[in-house]
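Please read the following report alongside the sequence and the coordinates.

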Amino acid sequence: MVTFSGIPLSNTNVNYEIKRENIRQRYFWWYPYDNNNENSILGKAETNEKGEFIIKIDLKKDENTEGIQVHNYKIKTSATDINGETQSAETDVKVASVSHYLKSDEIKEASAEDELKIKVTAFNYNDVSVNKNYKVKLVQLKETDRVLRNNFEQKVQNLPVMSRNDFLKKIPT
């Protein structure tokens, strides 16, 4: 931290507040929404001669949450020098249970015969590009003979009940 005139705030107490929020739906929309934000962590640190300070916290994976975890830690700091001048700052640090995620170019339209070149980039969760190498194998999905929907199984319907085999015999494809 530095004063308005640019001089480092050395040997100054810094008050901080750290607030955690679960943000994995930003990256993995299919996970159920989990709003288990924790209470703030309050603490103090002291600057060195360059106006720098270190905040040490112990980050643990939530054992009650399944799948990939991504949290944003909002860190707010403030320091007041001997002249009563107060400096404050705020930053966000994202922490995940995996090291990176991938972004690729969008494919608007393509057929099986087209040769595609797709740019894929790896990023850490603080949106910094990371150099990763991958081997990719594309396979064609097997098409099912027939798709029978089951999204109305829980609804009460006043229709005759027919077994799957009877349905396939009476209503061929």
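Which residue in S4 does Ala79 stand opposite? Ala79 stands opposite Gln87 in S4, and the two strands concerned, S3 (residues 70-80) and S4, pair in the antiparallel sense over 11 bridges. Strands are DSSP runs of E with at least two residues, and helices are DSSP runs of H or I with at least four residues, numbered from the N terminus; two strands pair if DSSP finds at least two bridges between them.

This is a predicted model, in which local features need pLDDT of at least 70 and side-chain atom pairs count only at pLDDT 80 or more, whereas totals for chains, interfaces and linings use all residues. Residues are numbered from 1 along each chain as its sequence is written, and side-chain values use heavy atoms, with hydrogens and water left out.

The pLDDT, the predictor's confidence in each residue on a scale from 0 to 100, has a mean of 82 over the chain, and 91% of the residues reach 70 or more. Confidence is lowest in helix H1 (residues 164-170), at a mean of 84, and highest in strand S7 (residues 129-130), at 92.

Four strands form an open sheet in the order S2-S1-S3-S4, with antiparallel pairing. Strand S2 (41-46) and strand S4 (86-96) stand at the edges with a single partner strand each, so one side of each is left without a neighbour in the sheet. From one strand to the next, the twist averages 25°, where axes are lines fitted to C-alpha atoms and angles run from 0 to 180 degrees between N-to-C directions.

An open sheet of three strands has the order S5-S6-S7, and its pairing is antiparallel. Here strand S5 (101-104) and S7 are the edge strands, each with a single partner strand, so one side of each lacks a neighbour in the sheet. S5 pairs with strand S6 (residues 120-123) in the antiparallel sense over four bridges, and Tyr101 stands opposite Phe123 in S6.

| Residue | Place | Relative accessible area |

Lys76 and Tyr27 are 49 residues apart along the chain, and their C-alpha atoms are separated by 24 Å.
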